[in-house]
Amino acid sequence: MEENKNKDILQSDHPAEQTIPAAEQGEQTPEQLDSKEKKNKKPLGREILEWIVTILVAVAIALVIRTFVFEPVRVDGHSMDDTLANGEIMFVSKLGYASFDFFGNRVSVFGNPKRFDVVICHYPDRGSTNFVKRVIGIPGDRIKIVDGYVYVNDEKYEEPYINDAYRTGLGANFNEVVVPEGQYFVMGDHRNNSNDSRYVGPIGRNMIIGHVVQVVFPFSEFRPVPNGLDVASK
């Protein structure tokens with residue numbers, strides 16, 4: 001009797017040796033895991049819809065950034081030689097020139113283009129084609145060119161960024177004009193190889209869409225594009 005009692009005590013002292021069902025241990029059986037995976041798995045249609053929504057949101061964000069914040073723009077042509085070369089890619093800030101239409105009047109959010117800024121603009125009757133030019137005259141300015149040199153309100157500007165070879169030819173002289181209110185006079189730095197305000201006239205404020213601030217490609221030509229008044233004499 002005593003011997004049997006001791007056996008019972010020994011058995012109760014070694015609970016780890018007793019087999020306990022997995023469910024009682026708090027573990028999940030393979031059947032339960034399989035059932036859970038099936039329950040958590042999304043229907044194919046829902047998964048596709050989520051991917052589509054994600055892509056659309058990403059595209060919308062990219063469009064907003066490109067429209068209102070900044071955009072990379074490639075130089076096409078030689079009208080801005082030697083400041084910008086054909087094929088270079090520029091970083092164009094749009095936030096600085098952001099504006100909106102308020103009851104028929106164009107209201108600037110952060111400011112207007114300054115004289116001698118390099119800008120991206122559109123031309124009348126040319127749709128959304130981008131042109132890169134330099135602002136020469138702001139509203140109210142009197143602009144003329146004499147022997148290849150620009151005069152603004154009778155003040156002569158040397159423009160050290162202009163190659164002297166570009167001061168000759170058809171664009172060497174231009175009779176004085178007054179820039180109308182709300183408009184800007186733009187020109188290319190290659191003065192005898194640029195279609196600009198000398199031919200298309202001043203352009204509206206709403207046609208200036210961005211400020212060229214940096215050349216970003218090719219990497220070997222990475223450099224800022226300063227306002228013309230900040231360019232040191234050669």
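Predicted model: local features only at pLDDT ≥ 70, side-chain atom pairs only at ≥ 80, totals over all residues.
View 1. Residue numbers start from 1 along each chain as its sequence is written, and side-chain values use heavy atoms, with hydrogens and water left out. β7 and β8 run antiparallel, joined by four bridges (strands are DSSP E runs of at least two residues, numbered from the N terminus; two of them pair if DSSP finds at least two bridges between them). Their hairpin has two residues between the strands, and D147 takes a positive phi near 50°.

**View 2. On to β9.** Three bridges link β8 to β9, again in antiparallel fashion. Y151 has K156 as its bridge partner, while V150 stands opposite Y157. This hairpin also has two residues between its strands, with N153 in the turn at a positive phi of about 55°.

View 3. Four strands line up as β9-β8-β7-β10 with antiparallel pairing. At the edges, β9 (155–157) and β10 (174–178) each pair on one side only.

**View 4. I143 and the largest nonpolar core.** This core (buried Ala, Val, Leu, Ile, Met, Phe, Trp, Tyr and Cys residues joined through side-chain atoms within 4.5 Å; buried is under 20% relative accessible area, 1.4 Å probe, protein chains only) has 14 residues, of which I136, I143, V152 and F185 touch the most other members. β7, β8 and β11 each give two or more residues.

How values were computed
Buried < 20%, exposed > 50% of the residue type's maximum accessible area, 1.4 Å probe, protein only.
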